[in-house]
Structures are given as structure tokens and as C-alpha cells.
Amino acid sequence: MADNADSADKAKSPLVGVVMGSSSDWDVMRHAVSMLEQFGIAHEAQVISAHRMPDDMFAYAAGARARGLRAIIAGAGGAAHLPGMLAAKTIVPVLGVPVPSKYLRGEDSLLSIVQMPKGVPVATFAIGEAGAANAALTAVAILAGTDAALADKLEAFRGEQSAAAKAMTLPPV
Ligand code: RP5
């Protein structure tokens, strides 16, 4: 499904923003970007640290809707307040990805992101690579609601996984 339009996807006005608290989050967050590229979604990716760049974080969230972003995928580790603080400043859906941390293996990140008080949601995904990829697939699903061709692509992606699972065989005992 990957095509040669990756650089063109980036050049178009981004529909999905991928942000992370540090370049050290990239090894996880690149799986979100890779999935968006697979579906040909116009996107942008950058580091925005909640505690080291708070003014940039607020500006990014405050301008997200006017710039045409339809979803923001935000990854952070430790006391991971980036997704929640972005969500506090925009109604664009925020998809939070807990990045594995050095000492608590991302359980701290997960709890920091998932336990939003009622009224300001952050859709929270699994810790690590699966969460990053699934956040991107959720962004694709959001966009597919108004894009029939993209919806067909997403159906086909699911179909490929079904076919792969049905073709699985088990080794002898
Ligand atoms: C968080 O602190 C980042 O999201 C990252 O997961 C973690 C560590 O950041 P670095 O010290 O590697 O820059 O803000």
C-alpha cells in the first residue's frame, strides 16, 4: 500500500500533526508517521516539549484547528502531560501515545495520559510502537469518515490482516 507520494503528502497542508516531547521519543513515534505515510495522509511531525516549550505547545494547540488539522497524535514519556495540555487548548481530537520511560517502562506515561478528568478527553493508546501505529490508524479512521477512497483503503488494510491471520498455521507439538 505504500506509495511514492510520501514527500508530496508532507508538502500538502497537514491534516494530522504528530508531536512528541523529545527526539528520544522518535523511535516509537516514527511508527505513527510511517502508518500515515502508508495511507498517504498529509502530515507534519515535530518535537514540542510541554515542560521545556510550554508557549510553543499552547501556540500549536491554539492554531491547530485554523490550520486544518483534523487530529493531533501526541507522544510523551514519564510525567506525560503533553497530550492533556494540548487537548486543554483545542477541540481537535488528541490521540495520546505513552512512550516507554527509563524507570517505569511507560506505566507512568500511560497513567499520566489516560486519566484525564471528565470534560477534556485524550484518546489514549497502548504503550509504545503498537500505540503509535494504532493512533495513526485512528486518525485515518477519523479522516475516512469524510473520504470514501480512504475508507476503502482502510477496509483493504483490515482485509489484508484478516487474510494473513487466516493463513496462519501452527507447528507440530
Ligand atoms: C518527556 O521526557 C519526553 O516525552 C521523553 O519521553 C522524556 C525524556 O526526554 P529526554 O530527556 O530524552 O529529552 O518529556
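Okay, let's start with histidine 51, which counts as partly exposed because it has 13 C-beta neighbours inside 10 Å. On the cut-offs: 20 or more other C-beta atoms within 10 Å of a residue's own makes it buried, 12 or fewer makes it exposed, and in between is partly exposed, with C-beta atoms placed from the backbone. Before I go on, this is a predicted model, where local features need pLDDT of at least 70 and side-chain atom pairs count only at pLDDT 80 or more, while totals for chains, interfaces and linings use all residues. Residues are numbered from 1 along each chain as its sequence is written.

So where does histidine 51 sit? It is in the loop between β2 (43-47) and α3. Helices here are DSSP runs of H or I with at least four residues, strands are runs of E with at least two, and both are numbered from the N terminus. Histidine 51 and alanine 79 are 28 residues apart in sequence, and C-alpha to C-alpha they are 9.8 Å apart in space.

The other histidine I picked is histidine 31, in helix α2 (residues 26-38). Is histidine 31 buried or exposed? It counts as buried, because it has 21 C-beta neighbours inside 10 Å. Leaving out residues up to four places away in sequence, histidine 31 touches Glu129, Ala132 and Ala133; contact means C-beta atoms, placed from the backbone, within 7 Å.

Now the ligand. Around it you'll find Met20, Gly21, Ser22, Ser24, Asp25, Ser49, Ala76, Gly77, Gly78 and Val99, where the test is a C-beta atom, placed from the backbone, within 6 Å of the molecule. That shell divides into 3 nonpolar, 6 polar and 1 charged. For the classes, Ala, Val, Leu, Ile, Met, Phe, Trp, Tyr, Cys and Pro are nonpolar, Asp, Glu, Lys and Arg are charged, and the others, Gly among them, are polar.

On to helix α4, residues 82-89, which is mostly covered, with 6 of its 8 residues buried. Those are Leu82, Pro83, Gly84, Met85, Leu86 and Ala87. They pack against β1 (16-20), α3 (54-64), β3 (71-77), β4 (94-99) and α5 (107-114).

Let's look at α3 with α4: their axes come within 8 Å and cross at roughly 50°. The axes are lines fitted to C-alpha atoms, for helices over the stretch in contact, and angles run from 0 to 180 degrees between N-to-C directions. So α3 and α4 are oblique to each other; under 35 degrees is roughly parallel, over 145 roughly antiparallel, 65 to 115 roughly perpendicular, and the rest oblique. The contact uses Met57, Phe58, Ala61 and Ala62 of α3, and Leu82, Met85, Leu86 and Lys89 of α4. By class, that contact has 7 nonpolar, no polar and 1 charged residues.

The other pair is α6 (residues 129-144) and α7 (residues 148-166), whose axes come within 8 Å and cross at roughly 140°. These two are therefore oblique as well. Val140, Ala141, Leu143 and Ala144 of α6 meet Leu150, Ala151 and Leu154 of α7. Here the classes come out as 7 nonpolar, no polar and no charged residues.

Last stop, arginine 105, in the loop between β4 and α5. Its phi is positive, about 55°, although it is not a glycine. Most residues other than glycine have a negative phi. Arginine 105 is partly exposed, with 14 other C-beta atoms within 10 Å.

Technical notes: Two residues are in contact if their C-beta atoms, placed from the backbone, lie within 7 Å.
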